[in-house]
Amino acid sequence: MEELNSNLIPGPQVEMLVDVPQRILRGLPHEVTLQQSAVDESRIGVWATRSIQKGRRYGPFSGEKKKRAQVKSSVYMWEVYFPQYGWMCIDATDPNKGNWLRYVNWARSSDEQNLFPLEINRGIYYKVFKPIEPGQE
């Protein structure tokens with residue numbers, strides 16, 4: 001029998017809908033839902049259930065404020081400059097610390113992109129720049 005290598009790096013953890021905190025599900029706007037992502041099948045994505053018009057803004061993105069060196073993954077975070085602290089990350093890696101915006105995934109191409117991030121008063125918001133139809137992530 002071959003010995004297992006304990007130095008193997010585990011594969012990506014798959015996010016499951018059953019693991020999404022109830023407070024996040026309760027905080028979803030009525031026009032979106034969470035489902036497995038088409039962008040990255042190991043992640044959950046935000047999907048439109050109704051048409052969302054250009055100009056709609058969501059936010060702010062929430063999470064723990066940390067220094068860059070304290071962040072273990074850049075997947076669920078934004079970096080923002082705070083005059084009293086310098087550059088800080090808003091880290092939503094822990095779903096219990098973030099909100100539903102942590103599940104917004106990056107588009108694979110400019111054709112897929114339908115949101116863009118805005119920084120307003122040190123908060124990160126997402127703004128719809130082209131209509132999003134039901135069934136689109």
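**Strand pairing, core and aromatic rings**

Trainee: How many bridges join strand 4 to strand 6, and in which sense do they run?

Mentor: Strand 4 and strand 6 (residues 86-91) are joined by 3 bridges and run antiparallel. In general, two strands pair if DSSP finds at least two bridges between them. Strands (E, at least two residues) and helices (H or I, at least four) are DSSP runs, numbered from the N terminus. Please note that this is a predicted model, in which local features need pLDDT of at least 70 and side-chain atom pairs count only at pLDDT 80 or more, while totals for chains, interfaces and linings use all residues. Residues are numbered from 1 along each chain as its sequence is written, and side-chain values use heavy atoms, with hydrogens and water left out.

Trainee: Which residues of strand 6 are the partners of K66 and E64?

Mentor: K66 has C89 of strand 6 as its bridge partner, and E64 stands opposite D91.

Trainee: What is the strand order of the sheet to which these strands belong?

Mentor: The order is 4-6-5, in an open sheet of 3 strands with antiparallel pairing. Strand 4 (64-66) and strand 5 (77-82) are the edge strands, each pairing on one side only. From one strand to the next the twist averages 35°; axes are lines fitted to C-alpha atoms, for helices over the stretch in contact, and angles run from 0 to 180 degrees between N-to-C directions.

Trainee: What joins strand 5 to strand 6?

Mentor: They run antiparallel and are joined by 6 bridges. The two strands form a hairpin with 3 residues between them. One of the bridge pairs is that of M77 with D91 in strand 6.

Trainee: Is strand 6 mostly covered or mostly open?

Mentor: Burial is judged by relative accessible area: buried means under 20%, exposed over 50%, partly exposed in between (1.4 Å probe, protein chains only). Strand 6 is mostly covered, with 5 of its 6 residues buried. Of the 137 residues of the protein, 36% count as buried.

Trainee: Which residues have the most contacts inside the largest nonpolar core?

Mentor: A nonpolar core is a set of buried Ala, Val, Leu, Ile, Met, Phe, Trp, Tyr and Cys residues joined through side-chain atoms within 4.5 Å. The largest one here has 27 residues, and L34, F61 and W100 have the most contacts inside it. Strand 1 (32-36), strand 2 (44-48), strand 5, strand 6 and strand 8 (123-128) each supply at least two residues. With contact meaning heavy atoms within 4.5 Å, L34 touches residues including L17, V20, I24, I44, V46 and Y103, leaving aside residues up to four places away in sequence.

Trainee: How many aromatic pairs are there, and how is such a pair described?

Mentor: A pair of aromatic rings is described by the distance of the centres and the angle of the planes. Rings of Phe, Tyr and Trp (its six-membered ring) pair if their centres lie within 6.5 Å; planes under 30 degrees apart count as stacked, over 60 as edge-to-face and the rest as tilted. The count by this rule is 5 aromatic pairs. For Y58 and W100 the centres are 5.3 Å apart and the planes stand at 85°, so this pair is edge-to-face. The two residues are 42 apart in the chain: Y58 lies in strand 3 (residues 57-58), W100 in the loop between strand 6 and strand 7 (115-120).

Trainee: Why do Y58 and W100 count as buried?

Mentor: Y58 counts as buried because its relative accessible area is 6%, and W100 because its value is 9%.

Trainee: Why is the pair of Y81 and W87 edge-to-face?

Mentor: Their ring planes stand at 65°, with the centres 5.5 Å apart, so the pair is edge-to-face. Y81 is partly exposed, at 41% relative accessibility. Lastly, W78, W106 and Y126 form one aromatic cluster.
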